Amino acid sequence: MMGITGSLTPDQLELFHSQEYVVIESFASEDEISGLRKRMDELLTQFDPSDSSSVFSTTNQQHTKDDYFFDSAAKISFFFEEKAFGNNGELKQPKELSINKVGHALHELEPLYKEFTYSSKVSSLVSSFGYRRPVVMQSMYIFKQPGIGGEVVPHQDNSYVYTDPPSCTGLWMALEDSTTLNGCLWAIPGSHKNGLVRRFVRGENGVTYDQPSPSYELKDFVPIEMKAGSMIAIHGDLIHQSFENLSPKSRHAYSLHVVESDGCKWAQDNWIRRENMPEPLYAP
């Protein structure tokens with residue numbers, strides 16, 4: 001694999017395989033964090049909300065029929081928070097405090113994000129999980145805005161980024177401290193053992209789930225608080241979620257979803273439809 005060796009220690013790997021997530025502290029430097037945030041500030045300044053844009057919500061899936069959402073697979077697109085607009089349809093606060101996320105091809109189209117995504121530290125982390133020819137299928141900058149940052153309902157990453165056999169690992173890096181107050185991740189340790197419970201499937205009438213969501217007990221979830229610069233790797237079948245951010249502090253993060261392209265087939269009914277797979281992080 002071009003000399004790439006896994007960066008996780010045996011203890012970290014053991015932890016990952018037991019609970020199916022592991023947090024790597026101080027993964028990114030302060031300079032890397034500030035660089036990614038500064039560049040996103042610039043992209044937001046350039047963004048014109050009057051251009052076609054969409055509302056992102058995991059509780060209301062209206063966006064899943066619009067072309068802006070589908071086209072975002074190969075673009076840098078901006079999605080508003082559900083609670084960003086007043087009854088008159090106007091933004092209630094500046095656009096910089098109204099965006100839910102930017103996605104889904106930052107890692108391919110934006111040089112600074114591509115440089116970080118294809119860095120040796122990301123490749124070494126991914127190599128720890130045994131990938132032979134890993135590709136990043138989507139990237140997101142997530143804001144979790146103060147006061148209006150919407151909840152993300154319990155889900156599994158393999159539902160949205162499906163290969164046969166399933167191979168997704170989510171990489172989620174805190175760009176600000178992530179706490180129970182501003183909407184940190186919560187997960188059910190070991191919940192991957194039940195396998196994938198449903199898929200997010202694209203058909204002629206948009207995208208729908210092929211099964212209803214199971215119900216989960218809040219007591220089974222544990223909070224995963226993280227310092228800025230920490231990275232969490234998440235097994236594709238792990239049940240995780242985040243709650244609304246009702247605090248005055250945002251919770252910025254950069255998220256990647258990695259799949260295996262060697263021996264795993266990209267499902268044609270994924271919401272992302274690609275004629276060509278992205279450039280691999282590394283190859284045999």
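Colleague: Quick one to start: is lysine 227 buried or exposed?
Modeller: In this predicted model, lysine 227 is exposed, with a relative accessible area of 57%.

Colleague: And which residue does lysine 227 form a salt bridge with?
Modeller: That would be aspartate 177, with the closest N and O atoms 3.8 Å apart. Aspartate 177 sits in the loop between strands S8 and S9, and lysine 227 in the loop between strands S12 and S13, so the pair ties together parts that are 50 residues apart in sequence.

Colleague: How accessible is aspartate 177?
Modeller: Aspartate 177 has 35% relative accessibility, so it counts as partly exposed.

Colleague: Switching topic: how many salt bridges are there?
Modeller: The count comes to twelve. One of them joins the side chains of lysine 83 and glutamate 244, at 2.6 Å from N to O.

Colleague: Where do lysine 83 and glutamate 244 lie in the chain?
Modeller: They are in distant parts, 161 residues apart. Lysine 83 is in the loop between strands S3 and S4, while glutamate 244 is in the loop between strands S14 and S15. Lysine 83 is partly exposed at 43% relative accessible area, and glutamate 244 is partly exposed at 33%.

Colleague: Which residues are in the network of salt bridges?
Modeller: Lys38, Arg39, Glu42 and Glu110 are linked in that network. Of these, glutamate 42 counts as partly exposed, at 30% relative accessibility.

Note on methods:
Residues numbered from 1 in each chain as written. Predicted model: local features only at pLDDT ≥ 70, side-chain atom pairs only at ≥ 80, totals over all residues. Heavy atoms only, no water. Salt bridge = Lys/Arg side-chain N within 4 Å of Asp/Glu carboxyl O. Buried < 20%, exposed > 50% of the residue type's maximum accessible area, 1.4 Å probe, protein only. Helix = DSSP H or I, 4+ residues; strand = E, 2+ residues; numbered from the N terminus.
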